[in-house]
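Please keep the structure in view while reading.

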Number of protein chains: 4
Amino acid sequence: MADRIRLGMVGGGKDAFIGAVHRIAARIDGEYELVAGALSSTPEKAQASGAALGLAPDRTYGDFREMAIRENRIKGGIEAVAIVTPNHMHYPVAREFLKRGIHVICDKPLTSTLPDARKLAKLAHESDALFVLTHNYTGYPMVRQAREMVARGELGKIRVVQVEYPQDWLTEAVEQTGTNKQSEWRTDPERSGAGGSTGDIGTHAFNLAGFVTGLELEALSADLQSFVPGRRVDDNGHVMLRYKGGARGMLWCSQVAPGNENALRLRVYGEKGGLEWAQEDPNYLWYTPFGEPKRLLTRAGSGARDVAARVSRTPGGHPEGYLEGFANIYAEAARAIRAKQAGAAIPGDVVFPTVDDGLAGVAFVDACVRSSARDAAWVKLA
Amino acid sequence: MADRIRLGMVGGGKDAFIGAVHRIAARIDGEYELVAGALSSTPEKAQASGAALGLAPDRTYGDFREMAIRENRIKGGIEAVAIVTPNHMHYPVAREFLKRGIHVICDKPLTSTLPDARKLAKLAHESDALFVLTHNYTGYPMVRQAREMVARGELGKIRVVQVEYPQDWLTEAVEQTGTNKQSEWRTDPERSGAGGSTGDIGTHAFNLAGFVTGLELEALSADLQSFVPGRRVDDNGHVMLRYKGGARGMLWCSQVAPGNENALRLRVYGEKGGLEWAQEDPNYLWYTPFGEPKRLLTRAGSGARDVAARVSRTPGGHPEGYLEGFANIYAEAARAIRAKQAGAAIPGDVVFPTVDDGLAGVAFVDACVRSSARDAAWVKLA
Amino acid sequence: MADRIRLGMVGGGKDAFIGAVHRIAARIDGEYELVAGALSSTPEKAQASGAALGLAPDRTYGDFREMAIRENRIKGGIEAVAIVTPNHMHYPVAREFLKRGIHVICDKPLTSTLPDARKLAKLAHESDALFVLTHNYTGYPMVRQAREMVARGELGKIRVVQVEYPQDWLTEAVEQTGTNKQSEWRTDPERSGAGGSTGDIGTHAFNLAGFVTGLELEALSADLQSFVPGRRVDDNGHVMLRYKGGARGMLWCSQVAPGNENALRLRVYGEKGGLEWAQEDPNYLWYTPFGEPKRLLTRAGSGARDVAARVSRTPGGHPEGYLEGFANIYAEAARAIRAKQAGAAIPGDVVFPTVDDGLAGVAFVDACVRSSARDAAWVKLA
Amino acid sequence: MADRIRLGMVGGGKDAFIGAVHRIAARIDGEYELVAGALSSTPEKAQASGAALGLAPDRTYGDFREMAIRENRIKGGIEAVAIVTPNHMHYPVAREFLKRGIHVICDKPLTSTLPDARKLAKLAHESDALFVLTHNYTGYPMVRQAREMVARGELGKIRVVQVEYPQDWLTEAVEQTGTNKQSEWRTDPERSGAGGSTGDIGTHAFNLAGFVTGLELEALSADLQSFVPGRRVDDNGHVMLRYKGGARGMLWCSQVAPGNENALRLRVYGEKGGLEWAQEDPNYLWYTPFGEPKRLLTRAGSGARDVAARVSRTPGGHPEGYLEGFANIYAEAARAIRAKQAGAAIPGDVVFPTVDDGLAGVAFVDACVRSSARDAAWVKLA
């Protein structure tokens with residue numbers, strides 16, 4: 001066990017969905033050991049949460065700054081920290097750890113504001129520590145394969161990108177009735193950022209499309225809505241995309257589409273073929289070489305490539321899911337951290353979303369909000 | 001047999017896909033008998049096509065005007081005509097028959113230009129004859145049911161409409177290589193109209209969304225592309241929709257999306273529930289009352305309503321398809337024609353797309369082209 | 001119209017599901033004209049049904065024998081007859097027409113008893129008239145393609161056949177409560193035959209498996225059940241199959257499986273590949289060459305063969321269904337009838353189920369009943 | 001970390017698929033720490049595998065007996081052992097640990113022979129230690145829910161069970177060409193047992209059907225095949241099932257069905273409704289109350305019950321997979337172990353497969369082999 005990476009966590013106390021996900025993702029491959037935490041901004045809750053997770057009392061902190069300072073000083077202090085707070089805290093928290101050389105694994109979106117995102121990106125670039133952003137959907141094996149197929153030119157030049165991310169959990173005004181804890185901060189622009197569905201899930205969609213296609217955005221035109229009366233952020237967004245080089249796309253994100261749980265879906269069409277992938281059935285990748293029958297490529301099955309196999313744990317037909325995809329981000333981070341620690345170069349095949357991806361995501365939200373305010377005018381990412 | 005409606009056809013000679021479809025649709029319920037035709041603008045082809053269909057030689061015309069004149073004069077002349085020519089001929093052909101009181105069943109889009117559409121609409125309104133437009137997808141039983149469910153308020157107020165119609169048959173420049181007959185006129189703006197994919201299939205998508213939701217368009221913002229070099233019309237279109245009353249939508253049409261044969265799909269989300277329907281699996285309608293499990297409603301099965309049953313011919317599990325949906329347009333038209341002939345009112349439950357739907361469709365294409373030319377500015381239907 | 005085949009019908013009066021199906025199937029391709037009928041054994045109902053269908057009063061018969069005699073005598077009498085009565089009448093009705101040289105298109109199963117089946121087979125073989133059995137599922141384009149792929153050896157030697165045909169409409173005792181007309185004769189051994197689900201749908205499954213694989217049965221072991229108290233025939237059947245040459249199979253038929261409408265499904269596995277086809281989604285054929293990704297072959301789309309295209313009416317993505325598959329049986333019969341009438345050989349590519357297929361089906365039911373009575377002992381087809 | 005359950009492992013060295021699965025399953029919830037192992041019967045391989053897993057050299061054993069003896073003696077020795085050897089070693093290994101009071105988590109099938117299974121069951125019953133069998137498919141949340149729905153009578157009395165488990169990885173003679181390590185022992189009756197596909201996967205199917213329905217087998221009739229020339233065990237099995245109380249079933253297992261990766265599927269039909277579940281899409285459970293539309297119940301989504309939610313880690317739409325289902329067996333075992341250690345009763349809602357389930361599974365294989373040898377005679381479980 002001695003060589004597990006010592007991990008701390010900021011945020012992720014009781015009832016926090018994403019904190020638990022990070023902890024499982026960190027455990028799956030046995031590469032990390034959670035040894036410290038500032039799990040809540042409420043001291044009693046922080047203490048209780050730490051105890052529930054079996055953290056030593058003296059490494060259960062009520063304050064993330066104190067944690068950064070002390071963990072940096074003690075022998076056997078944490079080597080990496082997972083940041084799973086509401087968005088507006090990502091920047092101040094990350095700063096404390098980055099500047100002490102502690103690697104950061106941070107939930108998305110990068111920050112709640114574009115200025116914060118820029119400051120954080122600058123900080124991360126200047127730091128020796130790694131900054132890993134958990135755009136976890138890039139960890140799915142078949143997403144990795146899709147990316148490689150595009151990169152190898154198997155689809156030909158990309159023409160059309162269709163990406164969507166509908167959910168339905170905000171169909172009603174749960175943030176106002178207090179019936180859903182998660183909804184409170186996620187619909188509060190002070191904590192979540194100016195984008196609602198665009199920030200929470202639109203960024204995932206935008207990131208996924210870019211990750212798979214390798215395309216860079218030229219401009220977007222966004223029409224955002226807040227359908228639920230009293231809602232302070234968008235809960236539905238329609239976006240048209242123009243990529244550099246001529247590809248065009250559409251992006252739809254929604255939290256008010258009944259019947260959709262977490263239906264992120266990407267479709268990419270090029271001159272020579274098409275690909276379709278859906279997050280809720282992640283072990284499948286549909287591939288059509290133009291003029292031939294559609295093929296069902298399966299993770300670790302016939303048609304799977306090395307790039308998918310490398311981040312798979314089970315044979316074909318033994319489905320992997322959200323947690324394994326998330327764990328792949330942690331596993332890639334672990335390889336990078338160990339390389340750093342060994343003074344070696346990060347292996348060339350290590351892939352994880354970076355602070356620049358995060359900055360692009362926040363710029364995407366900012367552009368959506370600006371465009372929508374100008375009646376869906378075309379805007380560039382700032 | 002005596003009381004079958006005597007049907008003529010203009011267009012639909014050999015190799016014409018849609019003419020054969022109309023003929024089968026007219027036969028399925030035994031309500032029509034094809035007795036005359038001007039099946040091609042090439043006289044020899046017209047003659048050969050008529051013979052192949054068993055038409056009497058003296059009712060096989062080389063010219064539609066001649067056909068209209070003579071059929072109007074002879075005893076037992078046609079009572080209705082199906083127009084299945086390229087789009088630019090819809091107006092001149094329909095005019096000849098309408099003005100002689102012969103009912104018209106016309107393929108979509110209504111015309112190739114907006115002025116023609118307006119003239120035709122005026123003509124049709126003034127005529128005693130019926131004008132039926134074959135937006136055939138409105139004939140599917142589960143589309144009828146979706147429409148009724150929305151009308152009854154089962155989805156609550158509609159917020160979001162997602163409609164798409166991707167195909168892949170124009171992925172390559174088949175109209176330039178002469179390898180696909182259909183592609184030639186459908187990509188020729190003189191014959192097809194200013195819209196390519198928008199006119200050929202985008203109108204279907206636009207019509208279907210309106211048919212099911214009952215919503216009227218306020219404005220649209222369109223970004224059209226011609227991906228194939230040398231193509232003279234759009235082959236991919238991205239459109240954002242604003243409906244009166246606050247609903248918002250996206251429409252995607254494409255003929256360059258490999259892996260999509262004829263993948264018209266509609267999704268509608270309201271305050272209380274969601275619906276999903278896909279043309280390639282038309283016997284299914286997915287319905288999610290918000291907060292409850294998704295239900296698979298099947299044509300003529302559990303969950304099917306009277307409105308779907310009335311236009312079904314087989315029990316649940318015995319799939320109906322494209323031709324039956326198309327035949328429903330013909331069957332509805334037959335009911336209307338017989339009512340007209342009997343001097344009775346058209347029954348209240350008869351539903352078919354009208355010349356006004358067709359005018360809206362041509363205005364939609366026109367608006368898409370105008371908007372796209374102005375960098376996707378918001379425009380209203382003219 | 002002169003050259004449409006003049007068709008009569010026995011059975012198929014009001015409320016008879018399958019009669020309406022035959023009529024539509026006969027109309028779709030314009031090859032037949034229904035001109036005479038003995039549509040019910042109740043004279044008034046026969047008369048009313050004939051009138052509803054537009055038959056001339058003097059060709060609306062109250063008795064099938066009278067119809068056979070008169071139609072054989074009059075000028076322009078019927079050339080073919082469709083028999084859509086309950087099973088026990090197939091033999092006596094077919095006899096009257098066959099012996100007068102009138103072609104017979106008969107619903108399945110061939111007869112209600114094995115002796116009747118044998119007599120009918122003998123009669124049909126001796127007659128100059130054609131005998132066509134509507135095992136309609138063999139008319140689906142992708143079933144035709146599956147058959148050809150097996151015949152060409154693309155799956156290698158066949159090892160395993162899995163065929164099933166579950167429904168749920170007899171889950172409750174509807175034949176006893178009188179709430180379902182169809183259920184009355186179909187669960188009455190006097191009219192339906194000794195097999196219930198085995199006769200009504202098991203024969204379809206058995207026929208389909210043999211049609212696609214070309215395999216001949218060696219022996220079967222059947223365990224039949226009547227789950228609904230008071231039911232007089234089986235409503236669920238489990239059958240193990242041993243084919244000549246070593247292939248093995250399982251067949252399941254059920255009318256008490258809630259959630260299944262008409263879920264005929266065939267899966268065939270050979271040394272080199274596998275095929276899967278489901279009747280409720282008939283435009284798709286799943287094909288897996290061993291060691292390669294699964295392919296979705298679509299009717300008239302990429303991967304469709306000539307043999308499927310020949311019996312298709314619409315392009316890929318424009319779904320065909322049950323009625324089109326059924327119509328293909330009628331279309332093939334029309335080609336055979338016309339060849340006969342021309343004194344020519346029936347074209348080699350004409351495919352339809354014969355009286356021998358029907359005899360095999362009745363022998364299958366007989367064997368199931370015998371095996372089940374002997375505790376699922378292995379029995380051969382008698 | 002102090003209170004993680006100290007786990008040892010026997011088997012599971014390099015290249016062993018199932019050992020890695022057990023280790024991940026043990027890690028996911030942070031309840032176990034792997035601290036000792038006899039990972040291979042080849043000492044060098046055992047050593048290398050232990051090192052690769054970070055085990056202390058003095059707790060990396062070349063022999064499982066030595067490991068049992070020493071771990072039982074040392075302070076901080078293992079509290080539980082995972083047995084992931086070939087089947088024939090399950091009994092001798094389990095015996096050594098059970099008799100020392102070390103809890104056993106053992107892979108399926110229980111043993112390679114029925115006498116061994118009986119001895120092991122006896123031993124387990126007499127031991128204070130727990131015996132947990134990893135019929136992992138019972139750990140899937142929607143399987144738990146299916147079970148509860150049946151138990152609550154929501155399907156009414158069960159009539160029909162359809163369970164199947166096809167794979168294709170043994171379509172060719174890979175065990176003879178040496179191209180697949182796994183295939184060698186799994187097709188060797190000395191190590192695997194008399195059943196091939198029946199033992200390897202048929203037992204899973206049999207167990208799953210019993211787990212969900214609560215039905216007990218009365219008798220079975222089996223027809224087993226070895227399609228691949230030279231194969232020493234069955235690679236395809238057809239089984240008819242008679243359950244006590246009148247329910248009937250069919251079970252198909254195959255390792256030679258191209259296009260099937262790991263396609264375990266269960267369908268259960270009762271007087272009031274039906275359920276369908278497929279392992280490759282495990283987050284979905286299809287439920288049809290008779291006469292109503294089919295519903296798609298999703299893990300942790302609308303329609304999910306407490307019994308599913310309790311063993312879920314992520315919200316609806318964030319798919320869980322094979323490893324999470326497997327981890328649920330480990331999590332339940334952990335709860336039982338901790339209760340034992342605390343001297344408390346095992347909580348009533350803890351559910352895991354027991355040695356008796358394992359004995360039933362081995363008896364199932366034995367019965368299949370006996371029945372098949374007697375031409376598919378009905379036999380009872382011995």
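How much area do chain D and chain A bury between them, and what percentage of it is on carbon and sulfur atoms? The two chains bury about 2800 Å², 55% of it on carbon and sulfur atoms. Buried area is the accessible area (1.4 Å probe) that two parts lose on being put together, summed over both.

This is a predicted model: local features need pLDDT of at least 70, side-chain atom pairs count only at pLDDT 80 or more, and totals for chains, interfaces and linings use all residues. Residues are numbered from 1 along each chain as its sequence is written, chains are lettered from A and ligands numbered from 1 in the order in which they are written, and side-chain values use heavy atoms, with hydrogens and water left out.

**Two interfaces**

Contact means heavy atoms within 4.5 Å. A salt bridge puts a side-chain nitrogen of Lys or Arg within 4 Å of a carboxyl oxygen of Asp or Glu.

| Chains | Residues in contact | Buried area | Salt bridges |
|---|---|---|---|
| D and A | 35 from chain D, 35 from chain A | about 2800 Å² | two salt bridges |
| A and B | 42 of chain A, 42 of chain B | about 3600 Å² | eight salt bridges |

Start with chain D against chain A. A:Arg4 and D:Glu33 meet through their side chains in a salt bridge (2.8 Å, N to O).

Now chain A against chain B. Carbon and sulfur atoms give 59% of the buried area. On the chain A side, A:Arg159, A:Pro258 and A:Phe290 supply 18% of the area buried against chain B, more than any other three residues. A:Asp223 forms a salt bridge with B:Arg248, with the closest N and O atoms 3.7 Å apart.

**A sheet in chain A**

Strands are DSSP runs (E, at least two residues), numbered from the N terminus. Two strands pair if DSSP finds at least two bridges between them. Chain A holds an open sheet of five strands, ordered E2-E1-E3-E4-E5, with parallel pairing. Strands E2 (32-38) and E5 (131-133) of chain A stand at the edges with a single partner strand each, so one side of each has no neighbour in the sheet. Strand E4 (residues 103-106) of chain A pairs with E5(A) in the parallel sense over three bridges. A:Cys106 stands opposite A:Leu133 in E5(A).

Note on methods
Helices (H or I, at least four residues) and strands (E, at least two) are DSSP runs, numbered from the N terminus.
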